[in-house]
Amino acid sequence: MTMQAAIVSAQPARSRHDAASALSELAWAAWLAAGLIVVLLISNPLYIGLIMCCALVVYVSQRTPEHRLVDLLLLGGMCVALMTVPLNLLTGTTGATALLELPSVTLPGWLASVTFGGTVTAESLVYALTHVAAIGAIVALVCTFNVSVDHFKLLKRTPPGLAQLGVIVTISLLLVPETLRRVVTLRESRIVRGYPFGLRSLPGVLLPLLAEALERSVQRAESLDARGFGSLAGRSRPAETLAALTSLAAAGLFSFLYFYYPSWHFASAVGLMLGVFGVLGVGWRQARRARTTRLFRERISTMDWIVGGGSIGAAALIVTCRALGAGGVTFLPFPSLTIPSFQVVPVTACLLLLSPILVTRRARR
Amino acid sequence: MTSIAAVRGLSFAYANAPSAVIRDLEMDVNEGEMLLLVGASGSGKSTLLRCLNGLVPHFHGGTFRGSVTVAGIDTLSRQPRDLASFVGLVFQDPEAQTVAATVEDEIVFGLENLGADRGLIRRRLEEMLDALNIVHLRRRKTETLSGGELQRVAIAGILTMHPRMLLLDEPTSQLDPQSAEDMLRTVNDLRADLGITVIVAEHRLDRLVPHADRVLAMSEDGDAAWLTTRSTIAALPGAPAVCAIGARLGWSPVPLSIIEARRFVGRRPTGEAARVPAIAAAGEPLIEVADLKVRIEDAVILRGVSIKLRRGEVCALMGRNGAGKTTLLRALAGLIRPSTGSVRSELAGGGGPYRRIAYVAQDPSSMLYKDSVADEIRDVLRGTGRDGSLAETLDEWRLHGLETRNPRDLSVGERQRVALAAMLVGAPELILLDEPTRGMDAGAKDLLVANLRRRAGGGAVVVIASHDVELAARCSDRVVLLSDGEVIEDGPTRRVLTDSLVFTTQANKLVGGDVLTAEDAILHLTNVPS
């Protein structure tokens with residue numbers, strides 16, 4: 001080479017974490033997974049409400065002014081969740097505690113004879129609000145994850161054997177920020193055309209907005225492919241493909257058995273775990289074969305261990321409570337409303353999901 | 001010579017496209033050569049590059065006939081990622097290529113994927129930061145870079161991979177003259193040292209023609225022809241000024257570079273900047289910028305900028321990438337609120353401000369959202385309340401035949417023309433254009449110059465932020481040179497763009513004095529006593 005390179009050999013090790021998030025992508029992934037597991041396994045409205053509050057607090061601690069548009073997404077998700085309340089009240093007439101009486105309409109038999117209206121019960125209301133809190137918690141968890149992680153670093157964390165899956169997941173995750181970025185440029189384009197830009201103008205530009213964002217995401221996928229992402233993962237060997245598919249099928253079958261055949265709980269839980277470990281094992285085997293390099297290696301910090309460990313602990317506690325039928329994590333308001341239980345272990349599990357806020361604050365200090 | 005790529009009977013049509021963009025192309029590319037692809041917007045240059053790295057048809061679908069073989073591998077038989085170690089493609093739109101959040105991550109990403117040794121990656125990173133003069137950007141977030149800075153980072157990201165075949169799609173479209181020279185020097189170093197093959201699609205030919213071993217001219221009907229003689233290159237629309245001058249003056253052989261032309265004209269006189277009087281106060285002042293300071297987050301982008309723009313004036317904002325041109329343009333458009341200082345305008349009359357102000361952003365795609373070209377124009381007419389007609393606008397920008405097409409299906413150059421047509425419809429008094437020649441072919445550039453001069457003649461103020469020195473020389477009356485957010489020179493085009501080694505035209509570099517265009521040079525040289 002004729003170029004004279006100024007090699008800087010003794011550069012200080014950099015913190016590869018953004019100022020906004022002092023945690024690595026792995027810690028956030030563990031937090032998101034634990035949050036989703038906990039929400040999906042719990043039906044107690046008090047615990048679900050607590051998880052939603054925890055997720056919102058973490059979101060507020062992570063967001064920066066440039067995430068204003070994600071606030072809109074969060075708000076939109078909450079509104080959609082609230083819209084399920086009237087639907088639940090109008091279609092669910094079971095329950096012993098009547099609140100009010102509405103005129104009712106029953107659809108014909110070929111439309112499953114669904115009845116709208118009738119008696120609105122307190123049980124239906126609690127059931128509907130529990131659903132709202134669950135959807136709200138999921139939206140808050142996903143929005144927090146989206147504003148906290150660097151999608152590119154997340155992609156680089158994908159095991160090489162799952163590179164193509166990683167591209168698909170990343171491109172899907174990128175669709176949200178890409179759409180939000182496009183909203184900003186579209187707003188400017190509307191302004192210089194003499195139009196105001198508000199919620200009312202959204203229906204007219206929604207399709208081009210999504211089309212453009214999708215096109216951008218596909219271009220990113222093109223760029224990843226053209227720069228060799230996943231090229232060293234190697235082709236899956238037939239035996240590996242067979243093992244991965246078998247493990248996946250086993251995981252699916254045992255999760256079905258777990259939820260629908262309570263007497264098989266233990267055996268199906270063991271089967272489910274084996275299936276998941278099978279899939280992970282194939283990924284690990286392929287990762288060992290791949291030779292990709294990472295110039296800037298992420299260090300897993302103590303904070304990452306705290307949040308990751310706390311999140312896994314939360315999930316483990318709730319899974320255990322659910323398996324043992326303890327802690328009052330399952331709750332059904334029907335046929336008559338009772339006060340849901342509120343016990344130390346599940347509450348501790350929910351509060352463990354707050355760990356990112358403590359760590360982030362410590363990092364900022 | 002060994003062939004690195006072979007194209008046999010290649011025809012390709014995009015899904016739902018009315019006709020094939022490439023037809024029956026036969027081509028062999030020799031190892032180590034530089035091939036230049038020229039042709040109008042939409043003639044298939046970018047498509048051919050994508051065929052060579054397998055993105056076409058693997059990502060685009062469409063109808064693909066024939067075969068493309070690179071380093072002995074049929075591109076149909078392997079995914080683009082499997083060809084990445086042989087073929088590197090720099091996309092036309094650097095934003096589309098960027099995947100990482102920081103500059104360093106973006107540059108090393110390709111090499112990391114190829115499993116290169118960490119020490120090697122580190123060395124290449126430092127080499128490329130130095131070679132493309134982007135060391136100061138290394139810790140920056142990619143989303144905070146200007147268009148030109150991002151383009152340099154995108155080029156660095158591919159050059160670090162040292163591919164056997166390098167494909168560059170309009171690599172200088174957003175680069176300032178110095179950055180374009182840096183990029184070209186680096187590519188030539190890699191050619192000389194490693195023997196890499198380079199294929200470039202480009203509209204700005206003056207820097208590239210002297211280095212090209214062969215030139216392939218592609219036409220809009222899908223055909224392609226090799227330009228085998230210097231006179232055919234000189235006859236190209238948008239041919240370098242020295243070629244045009246040489247062809248007109250009968251120099252033989254027709255020169256392709258300033259060095260070759262030098263033997264016909266001798267040494268350029270130095271230290272003789274054109275003596276041009278300050279700009280005559282032609283029209284009444286329309287815009288006055290006073291002590292403008294703009295801060296975005298923690299960075300001061302503009303500081304103490306004061307300029308006065310008069311009716312009938314075409315003003316070019318020039319300066320290196322990241323100098324603050326786009327920010328100044330956006331401040332003039334009212335899209336950015338100044339931190340201190342003011343932008344005062346004499347625009348009067350009813351309706352909103354955008355009845356009189358037209359603004360076209362750097363990325364035309366970001367301006368367009370309707371389903372057809374005609375709808376875009378109608379939408380602006382309706383929103384701004386300007387008086388104008390669709391038919392006249394289609395005529396003015398030569399868009400007949402495209403009016404029912406979706407802008408997203410057009411080439412970058414065609415989209416640029418659609419954005420200009422839509423945003424400039426009617427008679428806005430203040431026209432603000434950010435890199436308007438990005439992706440534009442020579443014909444469209446001529447059209448742009450003619451239309452802007454006509455608008456200025458009608459009393460409008462035109463402000464262009466551009467790195468295209470030839471455009472500024474042909475179109476503007478005045479040049480405002482920015483550096484690091486400050487105005488460092490403001491004066492008539494002939495004064496600012498002469499006696500400079502960087503911000504000047506090829507004709508001026510050759511002849512000197514107050515010569516700016518090929519026509520000036522021909523006139524000057526035919527009047528010089530021998």
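Predicted model: local features only at pLDDT ≥ 70, side-chain atom pairs only at ≥ 80, totals over all residues.

Q: How many residues does the contact take from domain 2 of chain B and from domain 3 of chain B?
A: The criterion for contact is C-beta atoms within 7 Å. The contact takes ten residues from domain 2 of chain B and twelve residues from domain 3 of chain B. On the domain 2 side, helix H19 (residues 506-511) of chain B provides the largest share, four residues.

Q: Why does the span of helix H6 (residues 118-131) of chain B agree with expectation?
A: At 1.5 Å a residue, its 14 residues should span 20 Å, and the end C-alpha atoms are 20 Å apart; therefore the two values agree.

Q: What makes a residue of H6(B) buried, and which residues are buried?
A: A residue is called buried if 20 or more other C-beta atoms lie within 10 Å of its own. In H6(B), the buried residues include Ile121(B), Leu125(B) and Met128(B). The buried residues of H6(B) pack against helix H5 (103-113), helix H7 (147-159) and helix H8 (177-194) of chain B.

Q: How many residues of chain A are in contact with chain B, and which helix gives the most?
A: 42 residues of chain A are in contact with 53 residues of chain B. H7(A) gives the most to the chain A side, with 13 residues. By class, that side has 19 nonpolar, eleven polar and twelve charged residues.

Conventions
Residues numbered from 1 in each chain as written. Chains lettered and ligands numbered in written order. Contact = placed C-beta atoms within 7 Å. Helix = DSSP H or I, 4+ residues; strand = E, 2+ residues; numbered from the N terminus. Expected span 1.5 Å × (residues − 1). Buried ≥ 20, exposed ≤ 12 C-beta atoms within 10 Å, placed from the backbone. Nonpolar A, V, L, I, M, F, W, Y, C, P; charged D, E, K, R; others polar.
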